[in-house]
Amino acid sequence: MEKIKVGIVGTGFIGPAHIEALRRLPNVEVAALCEVNIELAKEKAAQLGIARAYVFDDLLKQDDIQSVHICTPNFLHYSQSKAALLAGKHVVCEKPLAKDLHEAEELVALAAQTGLVNAVHFNLRYYPLVRQMKTMREKGDLGDVYSILGSYLQDWLFYETDYNWRLEPDKSGDSRAIADIGSHLMDVIEYITGLKTVEVLADFNTIHKTRKKPLKAVETYSGKMLKPEDYADVPITTEDHANVLLRFDNGNRGSVTVSQVSAGRKNQLKLEISGSKKTFAFNSEAPNELWIGNRDGYNEVLMRDPSLAYPEARALMSFPGGHNEGFPDTSKQMFKEVYAAIEAGKQPESPSFPTFADGYRELLICERILESNRSQTWTKV
Ligand SMILES: NC(=O)c1ccc[n+]([C@@H]2O[C@H](COP(=O)([O-])OP(=O)(O)OC[C@H]3O[C@@H](n4cnc5c(N)ncnc54)[C@H](O)[C@@H]3O)[C@@H](O)[C@H]2O)c1
């Protein structure tokens with residue numbers, strides 16, 4: 001069997017996670033990577049055991065590379081996805097799909113025109129128990145959705161000295177916590193419940209109004225302490241923390257909180273979805289368990305176990321119960337579905353995986369959340 005050759009664009013944090021996930025698929029070969037310059041590309045290729053290293057334009061000239069994964073900072077997603085589609089490559093893009101709605105709209109249209117496979121890496125949909133909640137809701141086990149409570153909390157921007165390109169709107173967009181992690185939360189809520197978010201009321205807070213940007217590269221684990229003259233004070237305009245009230249198209253309500261300054265919360269997405277029959281509670285830091293609440297009987301804990309789950313969720317499990325699966329497995333399970341489509345050569349009619357259209361939908365909700373925060377009024381999606 002000829003394997004599908006893939007090129008990875010950007011090899012910071014998430015690029016290597018894509019590489020690892022792809023290497024666990026039987027029909028895929030990670031053949032090449034590209035970085036911001038050729039020296040770094042070669043260094044990363046040697047580190048990651050990948051044969052070929054390029055800069056972006058040269059990667060696209062490689063006829064044998066059939067698909068590319070865009071794993072670069074947000075401001076590059078639009079131009080790189082567009083160029084890749086125009087070069088005839090299937091595209092898996094990181095979230096958010098683009099920096100604004102116009103860019104996203106153009107990408108959705110272009111992808112549809114080309115017929116190429118297009119996906120956005122909303123990998124959190126691929127926790128098997130997330131698919132289990134979706135399937136239980138579809139089969140009527142949850143009943144009508146009464147209310148949704150969601151949060152996504154992190155602490156990696158807790159200190160004023162924590163710094164990253166995500167703090168700069170020209171690289172990240174006008175929203176930060178909502179665009180970066182709220183995007184996953186808003187996506188997964190609509191995915192599980194099948195509801196549409198129709199109106200939002202947002203209240204943002206920037207805890208650190210200025211941050212200290214290092215003036216020289218900080219080597220990871222170098223153990224070197226920076227001195228005061230090594231930092232510049234930079235004003236921060238994007239949110240560290242946001243609360244959003246939500247109204248859904250079934251007339252019921254929800255709320256979400258996101259924060260990147262919650263000490264001790266490393267990467268915690270929590271959901272509590274209450275229906276007319278049961279409540280589901282899920283925590284991404286303990287993703288092998290789903291709490292199911294009942295009014296008239298015992299509450300239950302469903303362990304991730306292929307023999308206990310619906311077939312739709314079982315399809316996302318590679319290991320038996322008790323053999324825990326986690327974050328790295330979500331990308332593998334998503335790419336399994338994406339590469340089945342790539343093997344077939346075109347975007348399916350109703351893809352099981354998140355597409356550029358889903359990326360557009362999530363940007364639309366995020367943009368309305370930003371508008372609502374600016375006007376401090378309910379805003380229609
Ligand atoms: N789905 C998820 O769970 C998840 C998790 C983390 C990050 N992300 C997304 O992935 C993207 C990257 O985030 P990250 O944390 O890996 O960032 P990062 O800063 O760690 O890595 C970005 C990489 O892109 C490279 N790069 C920059 N310009 C480039 C260019 N022109 N050509 C090729 N490479 C270039 C950088 O050198 C760097 O290696 C972001 O959009 C982020 O939202 C998604």
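Author: Happy to; below we go through the domains, the sheets, the ligand and a few single residues.

Reader: Great. What kind of model is this?

Author: This is a predicted model.

Reader: Okay. Into which domains is the protein chain divided?

Author: Domain 1 covers 4-123, and domain 2 covers 128-325. Their C-alpha centres lie 25 Å apart.

Reader: And how many residues are in contact between domain 1 and domain 2?

Author: On the domain 1 side 7 residues take part, and they meet 9 residues of domain 2. The side of domain 1 that touches domain 2 is made up of 4 nonpolar residues, 1 polar and 2 charged.

Reader: Let's do sheets. What is the order of the strands in the open sheet of 6 strands?

Author: Reading across, the order is β3-β2-β1-β4-β5-β6, and the pairing is parallel. At the edges you find β3 (52-54) and β6 (118-120). Each has a single partner strand, so one side of each is left without a neighbour in the sheet. From one strand to the next, the twist averages 25°.

Reader: Nice. Which helix packs on that sheet?

Author: That is helix α10 (residues 327-344), which touches β1, β2, β4, β5 and β6. The direction of α10 makes about 125° with that of β1.

Reader: Are the faces of β4 covered or open?

Author: Both are covered. S67 and H69 are buried on one side, while V68 and I70 are buried on the other. As background, side chains in a regular strand alternate between the two faces of the sheet.

Reader: Switching topic: how many residues surround the ligand?

Author: There are 22 of them, and the closest are G10, G12, F13, I14 and E94. The shell around the ligand divides into 10 nonpolar, 8 polar and 4 charged residues.

Reader: Where is the cis peptide bond?

Author: Look between K95 and P96, where omega is near -15°. P96 sits in the loop between β5 and α5 (101-114).

Reader: What about the other sheet, which strands does the open sheet of 9 strands have?

Author: In order, they are β16-β15-β14-β13-β7-β12-β11-β8-β17, and the pairing is mixed. β16 and β17 stand at the edges with a single partner strand each, so one side of each is left without a neighbour in the sheet.

Reader: Could you give me an example of each direction?

Author: For parallel, take β7 and β12 (residues 253-259), joined by 7 bridges; the bridge partner of I148 there is G254 in β12. For antiparallel, take β15 (residues 289-293) and β16 (residues 300-303), joined by 4 bridges. E289 stands opposite M303 in β16, and a hairpin joins β15 to β16 through 6 residues.

Reader: Which strands does α11 lie across?

Author: α11 lies across β8, β11 and β17, running at about 55° to β8.

Reader: What does L142 touch, leaving out residues up to four places away in sequence?

Author: L142 touches M136, R137, G275, K277, K278 and F280. L142 and G275 are 133 residues apart in sequence, yet 5.3 Å apart in space, C-alpha to C-alpha.

Reader: And Q376, buried or exposed?

Author: Q376 is exposed, with 10 other C-beta atoms within 10 Å. Q376 is found in the loop between α11 (356-375) and β17 (379-380). Phi of Q376 is near 55°, a positive value in a residue other than glycine.

How values were computed:
Residues numbered from 1 in each chain as written. Predicted model: local features only at pLDDT ≥ 70, side-chain atom pairs only at ≥ 80, totals over all residues. Near = placed C-beta within 6 Å. Nonpolar A, V, L, I, M, F, W, Y, C, P; charged D, E, K, R; others polar. Pairing = 2+ DSSP bridges. Helix = DSSP H or I, 4+ residues; strand = E, 2+ residues; numbered from the N terminus. Axes fitted to C-alpha atoms, helices over the stretch in contact; angles between N-to-C directions. Contact = placed C-beta atoms within 7 Å. Domains from an automatic or database assignment. Buried ≥ 20, exposed ≤ 12 C-beta atoms within 10 Å, placed from the backbone.
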